Amino acid sequence: MSTATTTLPGGTWTMGDLTVSRFGYGAMQLTGPGVMGPPADHAGALAVLWEAVRLGITHIDTADAYGPHVTNRLIREALHPYPDSLHVVTKVGAVRDAQGGWPVAREPDDLRRAVHSNLENLGVESLDLVNLRLGTAEGPRPGSLARPYETLVELQQQGLIRHLGLSNVTAEQVTEAEGIAPFVCVQNLYNLAHRGDDALVDRLAAQGIAYVPFFPLGGFTPVQSDALSTVAARHGVRPMAVALAWLLHRSPNILLIPGTSSVAHLRENVSGAGVALSGQDLAELDAIGRRPPDASSVSPSHP
């Protein structure tokens, strides 16, 4: 599905008519503590976005709930008018409350408000890609997605959304969505230690659909972390670099959206994800996923 070239690790992937760098950027960490309020360093946040584009990143992940509204307004301030090559992906289905929680907001009117808020704060007439976030902050939950997904399909038909995606979903919900309308990506929890979506990753790859993992280095037991650190030390890089490189190696449809509020850390992530893993490395890393993580090691799902 790769139709363009880039110097970033992993090359590119095409979602519908959007060709993006497989190494993207997640904007959530540009907010204040707890994903609430503005950043402590406004100029620094803008600098990260500028650097992402300078490096060739063409996939930025955001949500109007981040802040709320903070990341979208920063993206607009830094990058609008957007280069034709840059694609901003957002999500709807949750809002923020005064306590910093993530209550669900998936009634039709909730979703319409969210889409229009994203349009306004990003300064666009149509959103490149909107992910429908299901489940809760603790992870996916079973149940039909038909009503909220059909609402987004209607907004797509009105020209407000170009492409649809799914987030925090079960394999059964993916199947249900396939019977309603096409989608171009699935964004779920997945990393070396949490391989529950292995079959889904492969299924989507065969269909030409992107898989976008969040939480790339979290929920590891101490034993798993030690195994990852051993491979990282062999290459003289940080464990995050190896975790990102493994994801790029795992399947060509995997797209990365690691977040940071630091230009230096962004550059480090990009260079680290390009580390060349040997057959021995891959065998040791695959063994991590065969060591079931303790229940206590699993952190809450990405919002």
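A polar contact is a pair of N or O atoms within 3.5 Å, where within protein one atom must be able to donate a hydrogen and the other to accept it, and where residues adjacent in sequence count only if both atoms are side-chain atoms. The structure is a predicted model, in which local features need pLDDT of at least 70 and side-chain atom pairs count only at pLDDT 80 or more, whereas totals for chains, interfaces and linings use all residues. Residues are numbered from 1 along each chain as its sequence is written, and side-chain values use heavy atoms, with hydrogens and water left out.

Asn121 lies in helix H3 (residues 108–122), helices being DSSP runs of H or I of at least four residues, numbered from the N terminus. With a relative accessibility of 7%, Asn121 counts as buried, a term that denotes under 20% relative accessible area with a 1.4 Å probe and protein chains only. The side chain of Asn121 is joined to that of Arg73 by a polar contact of 2.8 Å. Apart from neighbours within four places in sequence, the residues in contact with Asn121 (heavy atoms within 4.5 Å) are Asp64, His69, Asn72, Arg73 and Arg76.

In helix H9 (residues 263–273), the buried residues are Val263, Leu266, Asn269, Val270, Gly272 and Ala273. These buried residues pack against helix H1 (42–54), helix H8 (239–250) and strand E3 (25–26), strands being DSSP runs of E of at least two residues. At the start of H9, the backbone nitrogen of Ala264 is reached to within 3.2 Å by a side-chain oxygen of Ser262.

Notes:
Buried means under 20% relative accessible area, exposed over 50%, partly exposed in between (1.4 Å probe, protein chains only).
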